[in-house]
Structure formats: C-alpha cells, structure tokens
Amino acid sequence: QEQNGFVEIAEATRPGQFIVNRATEIKAGETVLQTGEEINAPRMAALASFGYAELKVGKRPRIAVLATGTELVAVNKKPGADQIRDSNSYSLGAYAQLAGALVERLPLADDDPELLKREIADAAARSDALILSGGVSMGAYDFTKAALHALDAEVFFERVSLRPGKPTVFARLGRTLIFGLPGNPVSVSVTFNLFARTALRVMQNCQDAAMIEEWAVLAREVKGAVERESYLPARLLSSEDGRLLAEPLKWGGSSDFVAFARATALVIVPAGIPRLEAGAKVRVVRLPG
C-alpha cells in the first residue's frame, strides 16, 4: 500500500509466481484435436496458435428439402380454407444448416404421383441426401412411399416406434439417402433431429453424431405411450439447488408448432410407461439452435 510517498510491500513474491512457462498447456507429441471434433471458436484459437492456417475437414453434404402436399402454399401467400402455409421447408432447412449441410430448398410439390417421382429423382441426382416432409402416412393422397418404390429405391424402414413421428421413411436411391418425414411440424422436427441430423453428421465424420442424452428432473408430470417411445417437447431450467429441470410444454399434439417454438429439449419417456410424475429423473436431449 502507498502512504506518504512510500510503498509498503505486504508480501514478497515467490520464485516463478505470475509466470507461465513455455509449453505448459500441452506436451510435445500430444494431440491438439482429434479427427471428428467440431471446429468451434475456442478450437479455432488452439489451431491458430499452433500455426494451422489450413487443415482437412469433413465435406459439407449437399441436401435438398422438399415439402409435399396440395394443401401447402408459399409463406407469402394467403391460404384458402383447406390450405396451410409451408413451414416445414424452413425448419428443416434451418436444422440442416445447423448440422453442417448445404441446403437447397425446392419448390412445393403437389399430390401428383408422377410429379413427385420426377422431383425425387431429379433432387437425388444432385444431392447427398433428400429430406421430404408429408405424404408418408396411409391416406389416399400420401404418395411418397409409392414414388420411392416406383423408382426402385432401397427402402430400409417405413415406420418407427416413436411418438411423435411414427410414419417415418428411410431409403436410398443410388448413393443418395432419402428421409421421408411426417407432415406435422412437431413430428418433422423430432424425426429430423433423431434420424436425418445424425446421418448428416456421420457424413462429415463427426465424433458425436447423434444427439447427446442427459439426465434431468421433471418439473411436472408427463404422459407417455404404452406402445411407443415418446420424445416430448420441454424447456430446460435450473433450480436454486443447482439441479437441471425439464419442464414439459403444454402442447396440443404434433401439429402444435406454436408450443414447440418454445421447446429447448425433448423429454424421453420409454415405451410402456403411461405417466411419469413430477420429480422423476428422465433422459433429455437438447434441441439444436
């Protein structure tokens, strides 16, 4: 401290105090980053510090997004009584970009089997993956599966034991992966992040391709399904005692895009469990973005 022009040293410094020796952060021969790790801001700093001006990275997959259904109109159009605005193209495109893909959003496709076949074939010819929404259920105007079979695509599955998102299709046409996702906006978001996102990250050799599961405590009760595993929209919060809480959203089903807009995570309820009470420990996955 300073007093009357004099400085009093309260404590002597120790040898080496406040000095960071050279190369204390890492030893010679140690790996800075491993193959498959994503390059984020702090990893860029590490690479720059070691002089890596250029390095080999995974190639971004090129994907096409195609929303199907005569009931769809463009976002800048006023829908008729039996129509809705296209929202899936935008959510799928945004999720795909977050997964590292280069996205081409295609014009809307009507419920025309021949048109749909041509659209699928053309998009598959110039893309690494094609993401379709709508037309995968069992209705009279659901033509996606029929179009894939007519093109001799290799269909791996047409349904999954999942809520929401049961009518999900996974196929391959030539070298192009094809995901046929349900038309309802919540279902399309859940199934994209569980299936298509994982595939896109595998294409880029990501270490952690699938969504990472964590544990949280339910803030209130949630209903499951007897026959299917459920991935239900929720918000993640923290309690005063430091616990991670999952607050299930009040939503009106797989078409409730307004409620889902507030979701930051999905609560996983195993099949066969009809209800979990508040305070139960549950697995959760965080939604990208």
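In the predicted model, Arg-235 has a relative accessible area of 33% and is therefore classed as partly exposed, since that class lies between the limits of 20% and 50%. Arg-235 forms a salt bridge with Glu-247, and the closest N and O atoms of the two are 2.6 Å apart. The pair joins distant parts of the chain, with Arg-235 in strand β14 and Glu-247 in strand β15, 12 residues apart.

Glu-247 also meets the side chain of Arg-220 in a salt bridge, at 3.8 Å from N to O. Arg-220 is located in the loop between β12 (213-218) and β13 (222-223), whereas Glu-247 belongs to strand β15 (residues 244-248), so this bridge ties together parts of the chain that are 27 residues apart in sequence. The relative accessibility of Arg-220 is 28%, and the residue counts as partly exposed. Glu-247, by contrast, is buried, because its relative accessible area of 18% falls under the 20% limit.

A further salt bridge is found between Glu-229 and Arg-283, where the closest N and O atoms are 3.3 Å apart. Glu-229 is part of strand β14 (residues 229-238) and Arg-283 is part of strand β18 (residues 281-286), so the bridge connects parts 54 residues apart in sequence. Both residues are partly exposed, Glu-229 with a relative accessible area of 24% and Arg-283 with 22%. Glu-229 and Arg-283 are also linked with Glu-213 in a network of salt bridges. The count of salt bridges comes to 14.

The protein is divided into domain 1 (62-204) and domain 2 (213-286). The contact between them takes 13 residues from domain 1 and 17 residues from domain 2. The centres of the two domains, taken over C-alpha atoms, are separated by 26 Å. About 1,300 Å² is buried between domain 1 and domain 2, and carbon and sulfur atoms give 65% of this area. On the domain 1 side, the most area is lost to domain 2 by Ser-161, Arg-163 and Val-186, which together account for 48% of what that side buries.

Ala-67 lies in strand β3 and is buried, with a relative accessible area of 0%. When residues up to four places away in sequence are not counted, Ala-67 touches Leu-72, Asp-86, Ser-89, Leu-108, Ala-109 and Ser-133. Between Ala-67 and Tyr-90 there are 9.7 Å in space, C-alpha to C-alpha, and the two are 23 residues apart in sequence. Thr-144 is found in helix α4 (residues 144-150) and likewise counts as buried, at 0% relative accessibility. Apart from neighbours within four places in sequence, the residues in contact with Thr-144 are Thr-68, Leu-116, Gly-134, Gly-135 and Val-136.

Notes. Residues are numbered from 1 along each chain as its sequence is written. This is a predicted model: local features need pLDDT of at least 70, side-chain atom pairs count only at pLDDT 80 or more; totals for chains, interfaces and linings use all residues. Side-chain values use heavy atoms; hydrogens and water are left out. Domain bounds come from an automatic or database domain assignment. Contact means heavy atoms within 4.5 Å. Buried area is the accessible area (1.4 Å probe) that two parts lose on being put together, summed over both. Helices (H or I, at least four residues) and strands (E, at least two) are DSSP runs, numbered from the N terminus. Buried means under 20% relative accessible area, exposed over 50%, partly exposed in between (1.4 Å probe, protein chains only). A salt bridge is a side-chain nitrogen of Lys or Arg within 4 Å of a carboxyl oxygen of Asp or Glu.
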